[in-house]
Amino acid sequence: MPGAGEALVRVVAAGINRADLLQRQGHYPPPPGADDVLGMECSGYISALGPDTTDGRWTVGDPCLALLASGGYAEHVVVPVGQLLSVPDGVDLITAAGLVEVAATVVSNFDIADVGEGDVVLIHGGAGGIGSMAVQYAKALGATVATTAGSPDKLAYCRSIGADLAISYRHDWIAAVRDLSNRRGVDVILDVMGATYLGEHVGLLATGGRLVVIGLQGGRQGTLDLGRLLTVRGRVIATTLRSRPVQEKSAICRRVEEAVWPLVGDGSIAPAPQSRFSLADVVSAHSHLESGDNLGKVVLTVSKP
Ligand SMILES: NC(=O)c1ccc[n+]([C@@H]2O[C@H](COP(=O)([O-])OP(=O)(O)OC[C@H]3O[C@@H](n4cnc5c(N)ncnc54)[C@H](OP(=O)(O)O)[C@@H]3O)[C@@H](O)[C@H]2O)c1
């Protein structure tokens, strides 16, 4: 049952994230105090409210979304009420389950990097969960967007959601990105690769550029060219959402509702395509994400919407 400041949610659907694969393999334990059941986001209905949740916002029976430290792959999950979110207009509960983690990650990192009108932004993996949200949110903020992907159909999808440049990461994306910026360099890079491209990324930064590392798919240790960084007065920032305290996560959820949900509601941001599996078929769902073939998000369906 929920404790003070918490809600119990009956889960309808749970988004799968790459971190879940790492946690399953024993490489990414949940934050201290969090359940070791997988699942960092879900949709559902509030089935009980604990003490100190009577600010009037939530009532038992309300549909909701939740940003979780863990526990989403389940029929019920307990979550701090600050980490509950409304469902964006016009989006069904299964689709919405795949929006929470990507929206929270993208808006919080774009806020840190101060992405704005006229910026040239590089986003790797534009057809992935994070990438598809980042491309569309950057376009909505008025940025020029370069993105990479690994196959022709994924590149076509990136163009369909507004990317100004979509190029295979197996080709010479560095020259193409530099050309897109009129050889000025890029203002912001949202980096899911880490070590693999550290040198290239620092070399691509425009004066005042920000490299924001959120993923380490290409390794965690590299060589940082501090000389280049100080010449361009650049910044390297690295963040993770999951280990943030409840208060910070709650503030990010409010930012998502304020800045992202209206764009989803008016169609400026279209939820990424989803591959759906039942909770009982979670092994296939993980294999599908691991294969690298997936476009958009992978979502587990748990109970009737
Ligand atoms: N720090 C945080 O708070 C936070 C929060 C959420 C996610 N993340 C991280 O963000 C990353 C993306 O997560 P996700 O849920 O969006 O997973 P995802 O949908 O599986 O996306 C992974 C992306 O990486 C791309 N990629 C693979 N190899 C690449 C390469 N050599 N060069 C450029 N791109 C490459 C893939 O592109 P193709 O599919 O086209 O091959 C795919 O779009 C993961 O590393 C995850 O751990 C971090």
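The model is predicted: local features need pLDDT of at least 70 and side-chain atom pairs count only at pLDDT 80 or more, while totals for chains, interfaces and linings use all residues. Residues are numbered from 1 along each chain as its sequence is written, and side-chain values use heavy atoms, with hydrogens and water left out. The ligand lies between domain 1 (6–99 + 265–301) and domain 2 (102–238), because both give residues to the shell around it; these bounds come from an automatic or database domain assignment.

**Ligand shell**

- The ligand is surrounded by 24 residues, the closest being Arg18, Ile130, Tyr169, Tyr197 and Leu241; a residue counts if one of its heavy atoms lies within 4 Å.
- The shell comprises nine nonpolar, twelve polar and three charged residues (Ala, Val, Leu, Ile, Met, Phe, Trp, Tyr, Cys and Pro count as nonpolar, Asp, Glu, Lys and Arg as charged, and the others, Gly among them, as polar).
- At least two shell residues come from each of helix 3 (100–113), helix 4 (129–140) and strand 7 (144–149); helices (H or I, at least four residues) and strands (E, at least two) are DSSP runs, numbered from the N terminus.

**Ligand contacts and burial**

- Oxygen atoms of the ligand lie 2.9 Å from a polar backbone atom of Gly129 and 2.7 Å from a backbone N or O atom of Ile130.
- A nitrogen atom of the ligand is 2.7 Å from a polar side-chain atom of Tyr197.
- The protein buries 86% of the 910 Å² that the ligand exposes when taken alone (Shrake-Rupley method, 1.4 Å probe).

**Largest cavity**

- One cavity of 30 Å³ or more is present in the structure; on a 1 Å grid over the protein atoms alone, a cavity is a set of points where a 1.4 Å probe fits but cannot get out, and lining residues have an atom within 4 Å of a point.
- The largest cavity holds about 70 Å³ of space, a volume being the space filled by probe spheres set on the points.
- Of its 13 lining residues, Leu99, Val102, Ser132, Pro271 and Ala272 lie nearest the centre.
- Helix 4 provides the largest share of this lining, four residues, and domain 1 and domain 2 each contribute at least three.

**Second largest pocket**

- The second largest pocket contains about 290 Å³ of space; a pocket is an open set with protein on both sides within 12 Å along at least five of seven lines.
- Its lining has 19 residues, with Ala69, Ser70, Val78, Val79 and Pro80 nearest the centre.
- Strand 4 (76–80) and helix 9 (246–265) each give two or more lining residues, and strand 4 gives the most, with four.

Notes. Polar contact = N/O pair within 3.5 Å; in protein donor to acceptor, adjacent residues only side chain to side chain.
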